[in-house]
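Please open the model in a viewer and keep the sequence panel at hand.

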Amino acid sequence: MAPTPAPAAPAANVPIPLPFWFSEIDTAKKGEVSRPDFLTYRMKTFVELDANKDGKLTIEEFLKVAEPPFTPDGPNVSPLEERRARARTEFQNLDTNRDGFVERGEAEALVHAEFNQYDMDRDNKITEPEVRLVMQGTLRREEQARREEQARRRQGLVALNDFIDLQLRSADQLDKNNDGKVSAQEYTTLAGPADGPQAQGLPPFELRRQIAMRKFAEIDANKDNMLDRVELTAFAVSQFLRMDLNKDRFLNEEEFKKAGEAEQAKVRAIVQSLQPAQQPRPAPAQARPPGPAPAQPQGLAPGLPQGTR
């Protein structure tokens, strides 16, 4: 039901390759694909997902598209939870009347729109030259996008996808059992070392642990005491939107700096709320020379807890 990704850009003087679906539909090798044949081919997945054959898909039926056999697992395939998250977004885009179902007409509308992109002369047929011309334009746009992305990276700008990847990689470092999720116990490692010589200058471990657990609870949307990739991704997106002060869809050095300052201010407020109020001490019976002032904590462990992790 979704357009097939374009192939990688060919080498110079090499003909633009046809997409896989074209040869799959054009079994007679006529060099063209009709609108009805294209529609039938594209709607195969809809028919297979429609388990009860009522002509519409529920979210439960639609999410099957992220699972085998529709999307086989493999070393270069995104984790299942990420695929389901993308499927949920696609479901919302397809459900144009917002009734909680993807009806056959809604899915077919997307297929017809895709067909129209290729059918440049509007004769209800897609020919090889039309497809190659569209593919050529797609490859050029993708190459231009890659160049612009490289230029942005050289300028130190971070796009949303890069920000999400950064946060997920940080979470993967916490996922010690490699189950694709971060438990509360795994997340606690962000609190730093236990009390002792190795924690000199840091607040008490219990205080640091409570701060980390507040961040954990903020990310744990379904409150199952586990952070899955859907929750981590959603939190990263919301964090990115808050940090993107100029709304240019990129984060610059100044925005990162301000976000860090805001996070530190938030942590300081939490510390003040968690620390017990100081009780006044009774005056001593006899005045004594004042001793040296106790050492003040030097602040939280660096980066505790910052980012989605």
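**First stop: a buried glutamate**

At 6% relative accessibility, Glu231 counts as buried; buried denotes under 20% relative accessible area, exposed over 50%, and partly exposed the range in between, computed with a 1.4 Å probe on protein chains only. The model is predicted, so local features require pLDDT of at least 70 and side-chain atom pairs count only at pLDDT 80 or more, while totals for chains, interfaces and linings use all residues. Residues are numbered from 1 along each chain as its sequence is written, and side-chain values use heavy atoms, with hydrogens and water left out.

Glu231 belongs to helix H11 (residues 229-243); helices (H or I, at least four residues) and strands (E, at least two) are DSSP runs numbered from the N terminus. Select next the residues that Glu231 touches, not counting those up to four places away in sequence: Ile219, Asp220, Ala221, Asn222, Asp224 and Met226. Contact here means heavy atoms within 4.5 Å. Within this group, the backbone nitrogen of Asn222 lies 3.0 Å from a polar atom of the Glu231 side chain. Then display Glu82: its C-alpha atom is separated by 9.9 Å from that of Glu231, although the two residues are 149 residues apart along the chain.

**Second stop: salt bridges**

A salt bridge is a side-chain nitrogen of Lys or Arg within 4 Å of a carboxyl oxygen of Asp or Glu, and by this rule the count comes to 17 salt bridges. Select Glu32 and Lys125, whose side chains meet in one of them at 3.7 Å, N to O. This pair links distant parts of the chain, with Glu32 in strand E1 (residues 32-34) and Lys125 in strand E4 (residues 125-127), 93 residues apart. Glu32 is partly exposed, with a relative accessible area of 28%, and Lys125 is likewise partly exposed at 31%.

Move on to Lys64 and Glu67, which form a salt bridge of 3.8 Å, N to O. Lys64 is partly exposed at 42%, whereas Glu67 counts as buried at 17%. Because Glu81 and Arg84 are 3 residues apart in helix H5, about one helical turn separates them. Glu81 is partly exposed at 27% relative accessibility, and Arg84 is partly exposed at 24%. Salt bridges that share partners join Lys64, Glu67, Glu81 and Arg84 into one network.

**Third stop: aromatic rings**

Rings of Phe, Tyr and Trp (its six-membered ring) pair if their centres lie within 6.5 Å; planes under 30 degrees apart count as stacked, over 60 as edge-to-face and the rest as tilted. By this rule the count comes to 8 aromatic pairs. Among them, Trp21 and Phe38 are edge-to-face, 5.2 Å centre to centre with 75° between the planes. Trp21 lies in helix H1 (residues 20-25) and Phe38 in helix H2 (residues 35-42), 17 residues apart. Both Trp21 and Phe38 are buried.

Select Phe62 and Phe91 next: this aromatic pair is edge-to-face, 5.5 Å centre to centre and 65° between the planes. Phe62 lies in helix H4 (residues 59-62) and Phe91 in helix H5 (residues 80-94), so the pair ties together parts 29 residues apart in sequence. Phe62 and Phe91 are both buried. To finish, display Trp21, Phe22, Phe38, Phe115 and Tyr118, which ring pairs link into a cluster.

Notes:
A polar contact is a pair of N or O atoms within 3.5 Å; within protein, one must be able to donate a hydrogen and the other to accept it, and residues adjacent in sequence count only if both atoms are side-chain atoms.
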